[in-house]
Structure formats: structure tokens, C-alpha cells
Amino acid sequence: MSSPAQPAAPKPVSTWRKVFAAILDFIFIFAISGYVVASITGNTTESGFDLKGGPAFIVFAIIILYFILFTRYLGGTIFQRLLRAR
């Protein structure tokens with residue numbers, strides 16, 4: 001009897017891709033969520049935004065949720081998908 005064909009094992013993703021994707025994701029979500037929260041709370045400055053206390057906590061909560069939700073439920077973060085680092 002012939003055994004059914006085994007699918008080829010996926011090629012392991014290089015570590016530099018995973019690290020680079022994580023760094024880009026962090027910068028991306030930090031900039032976007034930071035500016036949105038700063039705009040809502042009135043903490044924008046000429047050079048961007050300045051968050052302290054509660055608004056800063058909100059931004060970091062958004063960053064954590066971004067990584068959890070995208071990784072667990074959407075198959076990877078934006079830059080993990082772009083760099084094929086999943």
C-alpha cells in the first residue's frame with residue numbers, strides 16, 4: 001500500500017524578519033494610536049504629540065491589543081504579513 005503524500009514542512013522564518021516586523025509594527029501602531037489619542041485628548045504639539053498619564057496608558061493598551069488581536073485572530077500583524085514572517 002502506498003501512503004498518502006505528506007505535505008512539505010513549512011520553511012522556518014528567519015529571526016531577523018520576525019524582529020524587523022515587530023519593530024516596524026510597534027513604530028507603526030505607536031505613531032498612529034499616539035496621534036489619534038493625542039488629537040482626542042488635546043495633547044498634540046508642533047512636533048507631534050506629548051502623552052503622559054492616562055493617555056499614554058491608553059496608547060500602550062492599544063499597542064498590546066493590536067499585537068494580541070492581529071496575531072491570534074487575523075493571522076499575523078500587518079508587517080508580519082508584508083515580510084512573510086508568520
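Asp50 counts as partly exposed, at 40% relative accessibility. Partly exposed lies between buried (under 20% relative accessible area) and exposed (over 50%), with a 1.4 Å probe and protein chains only. The model is predicted: local features need pLDDT of at least 70, side-chain atom pairs count only at pLDDT 80 or more, and totals for chains, interfaces and linings use all residues. Residues are numbered from 1 along each chain as its sequence is written, and side-chain values use heavy atoms, leaving out hydrogens and water.

Asp50 sits in the loop between strand S2 (48-49) and helix H2 (54-73). Helices (H or I, at least four residues) and strands (E, at least two) are DSSP runs, numbered from the N terminus. Asp50 forms a salt bridge with Lys52, with the closest N and O atoms 3.6 Å apart. A salt bridge needs a side-chain nitrogen of Lys or Arg within 4 Å of a carboxyl oxygen of Asp or Glu. The count by this rule is one salt bridge. Lys52 is exposed, at 60% relative accessible area. Beyond four places in sequence, Asp50 is in contact (heavy atoms within 4.5 Å) with Asn43 and Thr45.

Asp25 lies in helix H1 (residues 15-41). Asp25 is buried and has no salt bridge. The nearest side chain of opposite charge, Arg81, is 9.6 Å away. Here Lys and Arg count as positive, Asp and Glu as negative; His and the chain ends are not counted. The side chains of Asp25 and Thr77 are joined by a polar contact of 2.3 Å. Such a contact is a pair of N or O atoms within 3.5 Å; within protein, one must be able to donate a hydrogen and the other to accept it, and residues adjacent in sequence count only if both atoms are side-chain atoms.
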